[in-house]
Amino acid sequence: LTEDKYRRSGLDKDTSLVFLKELTGHMEANKPYMNGDPTLPQLAQQLGISANYLSQIINEQLHVNFYDFVNGYRVEEAKRLMRDKLEAKINILNIALDSGFNSKSAFYNAFKKATSMTPTQYRKTL
C-alpha cells in the first residue's frame with residue numbers, strides 16, 4: 001500500500017496536489033517525454049523538487065509508476081498524431097518515434113496497456 005510506503009514522508013496532501021499541478025503543466029507545456037527517456041531525477045530537478053517526492057506524487061495521486069506516467073503522455077501524443085488528418089499516411093513506426101518512443105515494440109506495449117488496443121486497431125476506429 002502506498003499509504004504505508006510514504007507514512008514517514010514529509011510531503012502533505014495539499015503540497016502534493018500543488019506539485020502535481022506543476023508537474024502536469026510542465027509535461028504539457030515542455031513535453032520532456034519527446035526527447036529521449038527522461039529520468040525521475042531529471043524531471044524532479046526541472047521542477048525543483050526531490051525525486052522521492054516526485055515519485056510519491058505520481059504513485060499516490062495518479063496511481064501509476066513513473067514509466068507508465070511518461071508513456072501515458074507519449075500515447076496521448078500518438079493518438080493525437082493519428083487523429084490528425086495530415087498524419088493519416090504516416091506509418092506506425094514514425095508515429096511512435098514522433099511521440100517520443102525509441103522503438104516500435106515499446107510503443108505497441110505502452111499503447112496496448114493504455115488503450116487495450118493496438119495502434120493499428122485504434123487507427124481503424126478513427
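A polar contact is a pair of N or O atoms within 3.5 Å. Keep that in mind for this tour of a predicted model.

**Start with confidence.** Colour the protein by pLDDT. The average is 90, and 93% of the residues score at least 70. Now select helix α1, residues 2-5: confidence is lowest here, at a mean of 62. Where pLDDT is low, the predicted coordinates should not be read in detail. Move on to α7, where confidence is highest, at 96.

**Stop at Thr115.** Select Thr115, which lies in helix α7, spanning residues 104-115. Is Thr115 buried or exposed? Its relative accessibility is 18%, so Thr115 counts as buried, since buried means under 20%.

Next, show the side chain of Thr115. Which backbone oxygens does the side chain of Thr115 reach? One belongs to Phe111, at 2.7 Å, and another to Met117, at 3.0 Å.

**Go on to Gln121.** Select helix α8, residues 119-125, and find Gln121 in it. With a relative accessibility of 41%, Gln121 counts as partly exposed. Show its side chain too: the side chain of Gln121 reaches the backbone nitrogen of Thr118 at 2.8 Å, so this pair falls within the 3.5 Å cut-off for a polar contact.

Zoom out and select Ser55 along with Gln121. How far apart are their C-alpha atoms? The C-alpha atoms of Gln121 and Ser55 are separated by 32 Å, and the two residues are 66 residues apart along the chain.

Terms used. Residues are numbered from 1 along each chain as its sequence is written. This is a predicted model: local features need pLDDT of at least 70, side-chain atom pairs count only at pLDDT 80 or more; totals for chains, interfaces and linings use all residues. Side-chain values use heavy atoms; hydrogens and water are left out. Helices (H or I, at least four residues) and strands (E, at least two) are DSSP runs, numbered from the N terminus. Buried means under 20% relative accessible area, exposed over 50%, partly exposed in between (1.4 Å probe, protein chains only). A polar contact is a pair of N or O atoms within 3.5 Å; within protein, one must be able to donate a hydrogen and the other to accept it, and residues adjacent in sequence count only if both atoms are side-chain atoms. pLDDT is the predictor's confidence in each residue, from 0 to 100.
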